[in-house]
Amino acid sequence: MADTTLSRRSFLRASGALGGLAAAGGAAAATDSLFGAGVARADAQPEERTVWGHCAINCPGRCALKFHVRDDEVRWVDTCTSPNADFDEPQPRACLRGRTYRRWMNSPDRVNYPLRRVGKRGEGRFERISWDEALDTIASELRRIIDAYGNESIYLSYATGVSATTARTLPRLMNCLGGYLAGYGDYSAMQMQRTIPLVQGMTGFYGSTLNAAEDAELILAFGTSPVETRQGGAVSHYDWVRLRERTKARIIYIDPRLSDSAMGRSGEWLPINPGTDAALVAAIGHELVRNDLIDKEFLDTYCVGFDEDTMPESARGQNRSYKDYLMGTGYDKVAKTPEWAAPITGVPAERIRELAAQVGSAKPLFVVQGWGPQRRSNGEMNCWAITMLPLLTGQVGLPGTSNGCREGTYSLGLRSIPAGDNPVKASIPVFLFTDAVEDGRRMTALNAGVQGAPKLDQSIKCILNYAGNCLTNQHGNINRAHDILADESKCEFIVVWETALTDSAKYADIVLPDLFRFEQPSMIAAGGDTAYLIAGQPCTTPKFERRSLYDCLADLARRLGVEEQFTEGKTQQEWIEELYEQSRAKDPELPSYAQIQNQGVYLRTNPRGCTIVHEAFRADPEANPLTTPSGKIEIYSETLAQIADAWELGPDDVIAPVPVYTPGFAETDIPTESYPLRCSGFHYRGRVHSSWGGVDVLKEVNPQELWINPSDARPRGIAAGDVVRVENDFGKVELLAKVTPRVVPGTVCMAQGAWHDADMYGDRVDRGGCINTLTTHRPSPLAKGNPQHSNICEVKKA
Amino acid sequence: MTHYAFHFDGSRCTGCKTCALACKDYHDLGLGAAFRKVYEVTLGDTTRQADGTFASTCASYPVSVACNHCADPACVRVCPTRAMGKDEATGLVAVDEGRCVGCGYCAMACPYGAPKVDRERGCSVKCDGCAERVERDLKPVCVEACPARALDFGSVEAMRKRGDHASIAPLPPPAHTRPSLFVKPSADARPAGDPAAAVVNPLEVI
């Protein structure tokens, strides 16, 4: 930036000098002084060009980046913006993270060359090797492992660091080579995506778009912070701020934490104990029934299992309806009164009654939840329960309503590079990959959610990890993951493609230097209330020995004799064009390829204004049945009853056929004398999961902190800014204390995604403040998903 | 002649800091330097009552602020070398690095903490309102960056129509320097000078 800085300085000197004159009274030439000729400017030099690119990280805003480039160096990062855009003009404006890309792309810690591990796994000691040596090693190891253990032993780990239409090329390569063990699901919404489609059909996983709530009278937001999870200028950050301003609805935030979404409107915060949403819902449901505020006609027409009238044959006459659960005539035989729920939830009984009256009368009612309530050991039941509120009062499929799930998005269908067919039929829940490394042959459909086959025939012997940090940092129980991955007799070979030496990369045998998507041709679609797509070109030439994944895999495919199959003779750019043309054939309104390459960013407003989930089903349930077994919304699920009977479940593994409140696992959810506090994660504005976790200027103003209520901090002698140690049976972390009334007493909160920083061959104390040093590896009962918000701990001054 | 001002919509701001980091990128500021900052004000309490349920009086709101290019800038008043000046035409306050000796009076005098002394450069540095962008009919980088559309920039007259003179905590009362900053406060916002409305995120403010 030397010449830029210089020119700006001379500019400042010129304007400042005359400005000083002006202040002293000699103002004659002041106008000219500021904007006069001959003043050098940083961003108006003729050789500067701008290049469109996009964020590719799992936000998933994937906002527009406009690179100002001179001399093959990025000078600054602009975005899709204009001086006068208000709420009438959505623009995918990059958030604080996108605006700091220069600090990441030019970081001295960036991976620039292929590396081979020379220390133990997890130590982070590597040596530089050539691309030829790296690819030859990978090719020979892949051949050896496939020959010795079969294709089922090759695992492509769950990874979300990069998305684009040509980003997922590893499955394609492996399918050319006979297949691989796939993981299903994710670490984002595993409990919900396993449960909701079973009971609401495939269209029910996402709710209405946020702008549908403009027409609502009451908005209930359970465990969601739309402004923090997707921070861009045309996704939920913008959509939520606009909604807040436009709607006349009362908003109630139900959350253990006064999130940034509720800042400025704290009166709307309803503090609750984490993981107890189902109990609050049950008590509201109890009051709705008691006061005859339910929409019985809706429940009879559109749902099964609210009461005996619509119970399926297999469960009739057994007091197994949801109403039986609420009123205490079935299941645990406890009436779910507000007095029952108050000590569980921390919400006063009177407040619950008031809430029930509001829910009972509000039309339209818009219920939305984030993915916090489901990322728990009781997550399946907890997230499902929240979806009961709109059902009980018939507030589904109508203007101003949703279905209690996370907000939906309006998006453009952009085709991605085809993966081909995977000859290996077995797949595992992504969260169980360390179990499959340890001893995959113990894993079955009934004890570990193996799909596509009754059991695994082989353990994982090789992991290929492209742009992901789930080997350790984002996985549960990092100390255990370390022990499993550090044992080279188990997983024999690990390859990681990365831009930075993440904690997961430290476990690689070979690390390959990746290009950002904005350093290669790339295209992506995203959206919130508004849809958009971005076509990007490389902002600079590749620096050092960094290469695109596509080119790297094409070289690897050549070594393995499948180059033609893998590339079909096409470059990445040619794939992007072909995939785009295929998308355009289905959506002729899309601009031509030449045009989109030229304009970079294309936006489309939802032609229907907003999307209302279950609109067609509500209008005509006979003509538009759901994909559930009954074709209706299932409040009692026979499928879940069958799963609960058939599966091998552990203690506290609750899979009920109706959405009951269950406290979760004893070891992660019930505070003890040793670990009296609950500990929950949340999404942090300074990172997306662990991405950007190494960027200095972001860390500087977004410190990794433990939110602790003054009533919990005081007896522990903890003051704001102190270094505290958080400890439980899984591990120890250290971070700074944020003493704040924005979190409920008895619960501490820690933003997830901080970079694990521990000497794994020493004391293992994580001084990076990564919550997964404290989380369990035990999966939730049904989805076998990550219960990473279910934690208990003790906190001390370090 | 147009004197410019910022507008801050406290009902929209979510405290995300995109403004601050876009500014740092554009002005090429490294660690320890920032021309815009975002305060978190939090007050009240959230307690567990005898029956185990929660009660909260908590209020919390963000405030984003840079140099306010004041009508009566304290930094200009105290500058012994006349390096700090308010441009007659635009009202933007800037430092003449050639004249500045880095004494730091401006940093001490400004009630908003806008100027800072850059020890390496030996002079004061601060937000210049992105004067060169304004000349080209663009707005300051922070304004055009805001995903929540909480910042704006325009003539003092236009911005005044959209908000009160900056008089929310933790900012000082506007009478001190007559800042070119107009604010639409959030529901939680407290008046300037309210001693309970403390900045609770000192670690996040450069």
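Which residue does Glu705(A) stand opposite in strand 26 of chain A? In this predicted model, the residue opposite Glu705(A) in that strand is Leu736(A).

**Strand 26 of chain A**
- Strand 26 of chain A spans residues 731-739 and is mostly covered, with 8 of its 9 residues buried.
- Strand 24 (residues 705-708) of chain A runs parallel to strand 26 of chain A, and 4 bridges join them.
- Strand 25 (residues 723-728) of chain A is antiparallel to strand 26 of chain A, with 6 bridges joining the two.
- Strands 25 and 26 of chain A form a hairpin with 2 residues between them.
- Asn728(A) has Gly731(A) in strand 26 of chain A as its bridge partner.

**A sheet in chain B**
- An open sheet of mixed pairing is formed by 4 strands of chain B in the order 10-1-12-11.
- Its edge strands, each pairing on one side only, are strand 10 (151-155) and strand 11 (164-165) of chain B.
- Strand 11 of chain B pairs with strand 12 (residues 181-184) of chain B in the antiparallel sense, over 2 bridges.
- His165(B) has Phe182(B) in strand 12 of chain B as its bridge partner.

**Contact between chains A and B**
- The contact draws 76 residues from chain A and 66 residues from chain B.
- Elements giving two or more residues to the chain B side include helix 1 (18-26), strand 5 (59-65) and helix 4 (131-135) of chain B.
- Helix 1 of chain B gives the most to that side, with 7 residues.
- The residues on the side of chain B that touches chain A comprise 25 nonpolar, 17 polar and 24 charged.

Terms used:
Residues are numbered from 1 along each chain as its sequence is written. Chains are lettered from A and ligands numbered from 1 in the order in which they are written. This is a predicted model: local features need pLDDT of at least 70, side-chain atom pairs count only at pLDDT 80 or more; totals for chains, interfaces and linings use all residues. Two residues are in contact if their C-beta atoms, placed from the backbone, lie within 7 Å. Ala, Val, Leu, Ile, Met, Phe, Trp, Tyr, Cys and Pro count as nonpolar, Asp, Glu, Lys and Arg as charged, and the others, Gly among them, as polar. Two strands pair if DSSP finds at least two bridges between them. A residue is buried if 20 or more other C-beta atoms lie within 10 Å of its own, exposed if 12 or fewer, and partly exposed in between; C-beta atoms are placed from the backbone.
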